[in-house]
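Please look through the structure shown below with an eye to its side-chain contacts and its pocket.

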Amino acid sequence: MESIPPSYTPSPPSPSYSTQLLPGEQTVEETQRRSSQIHNTGVFRRITDSITLVLKDQPLGSITPVYGRNGLVRGHISLRSSEGLVEVTLKLEGHLRLETSGTAITTLVASDSYSLWSSSSTAGDPCPRTLPFAISFSSVFMDGCQPQPLPPSFEDKFATCSYTLSVVVSRPRRLLSSNDSLVVPVCYHPRSRPHTPMLPSDVPFMTTVKSSPEEWHQVLSTMNATQSSRLAPVQCLLFIPSVQVYPFSETIPFHLQLRAPSSSLAPFLDKFAPDHSLPVLLSGKITIRVYLLRQVVPKVFEKQKVSKRIIGEGKLTYSSPLPDNHYSYRNVPLGEGIDCLDWDGELRCTEDVTVGSFATDPLSVRDFIVLSLEPLQPLKCPLLASKHLHPIRLVTDPWSD
């Protein structure tokens, strides 16, 4: 007897797959990162005889609460006794104090008051012993009629910006001690990052300037000579990553090249080598420095005072230049009879830099990369001192995709 094969029902089509995330989905790495952030945050507590302030979402072990741009300040207040209270108020305040030429002025950049409980707004109900709250930092403050960016917590010789969170517990005025208060300094630390990444500091300049010249920005300056010496000026080419916005936690690579006839470059050298090449010894007659400079500029009644501080010193290493026919730097061709001295270098901020560049109407914090060429004996050297400041911006965080 011929067997008949069983009938089969066609299988449903396979589900479609995509590497694109749907709304609400996230990668495994994102899940792990967020989980790590949750588990690495704790609470901040400040306790007095009558008030306990608890702030959530704080780094473990932090001694000062820290909040970012539009940061959410959330937590609760616990009262030892809630009898006979009139009001419980939470205040977030910020003060910017500036000084120039002996004149000081203080600007209130944040002044937010929140009534957490009031006897006038309840029907005789007693005040709870625990009062939760959630408030936010504003991103601006009003300077007259103009909104200005809220400055970060900052301290310098002539400028200080500080923020406090206060709890005020009010009682009837007839009592001897009508109010209790608790004041906690808080840090406003808005974060920022570059819009594009920069090349890693260990990538050789001579390789990338040929293959990816757009990755480098060229800063051009000149070191002139005295008229009596009749020497040609020295052309100074400083190459820095083209983004020009750098995290203060990362190393900034740079390349320095000096171009001039050999007679003009001689003061940079101790002696010529037997093969007439140009050996570079930084103990020559001219000091070469590349460094980071911060300028703090407060303005009081239209008067400004500039405070300067070096926040990073560059490390230079002599680099043998490429053969003449290999030079192709943009806009600055290598002329006949011109020699070159080249250095590779790295810049990094000192560890005490915790605030990036910022500007608001009464105060600006500006950062520069400085190229300084200074003769050790100015009266004997035929070249004149040169200092060129190139503006950059320092930010708190590295670029991320």
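The paragraphs below take up aromatic pairs, then a pocket, then salt bridges.

This is a predicted model, in which local features need pLDDT of at least 70 and side-chain atom pairs count only at pLDDT 80 or more, while totals for chains, interfaces and linings use all residues. Residues are numbered from 1 along each chain as its sequence is written, and side-chain values use heavy atoms, with hydrogens and water left out.

Rings of Phe, Tyr and Trp (its six-membered ring) are paired if their centres lie within 6.5 Å, and are called stacked with planes under 30 degrees apart, edge-to-face over 60 and tilted for the rest. By this rule the count comes to 7 aromatic pairs. One of them joins Phe154 and Phe358 edge-to-face, with 5.7 Å from centre to centre and 80° between the planes. This pair links distant parts of the chain, since Phe154 belongs to strand β10 (residues 154–155) and Phe358 to strand β22 (residues 358–360), 204 residues apart; strands here are DSSP runs of E with at least two residues, helices are runs of H or I with at least four, and both are numbered from the N terminus. Phe154 and Phe358 are buried, where buried means under 20% relative accessible area, exposed over 50% and partly exposed in between (1.4 Å probe, protein chains only).

Phe358 also lies, with Arg69, Pro152, Pro190 and Ser357, nearest the centre of the largest pocket, which is lined by 18 residues. A pocket is an open set of points on a 1 Å grid over the protein atoms alone, where a 1.4 Å probe fits, with protein on both sides within 12 Å along at least five of seven lines, and lining residues have an atom within 4 Å of a point. The largest share of this lining, 3 residues, comes from β22.

The salt bridges, each a side-chain nitrogen of Lys or Arg within 4 Å of a carboxyl oxygen of Asp or Glu, number 8 in the whole structure. Arg289 and Glu313 form one at 2.9 Å, N to O, and this pair links strand β17 (residues 286–300) with strand β19 (residues 307–313), the two residues being 24 residues apart. Arg289 is partly exposed, at 28% relative accessible area, and Glu313 is partly exposed at 40%. Arg289 also lies over the face of Tyr291, at 4.3 Å from the ring centre, a contact that requires CZ of Arg or NZ of Lys within 6 Å of the ring centre and within 35 degrees of the ring normal.
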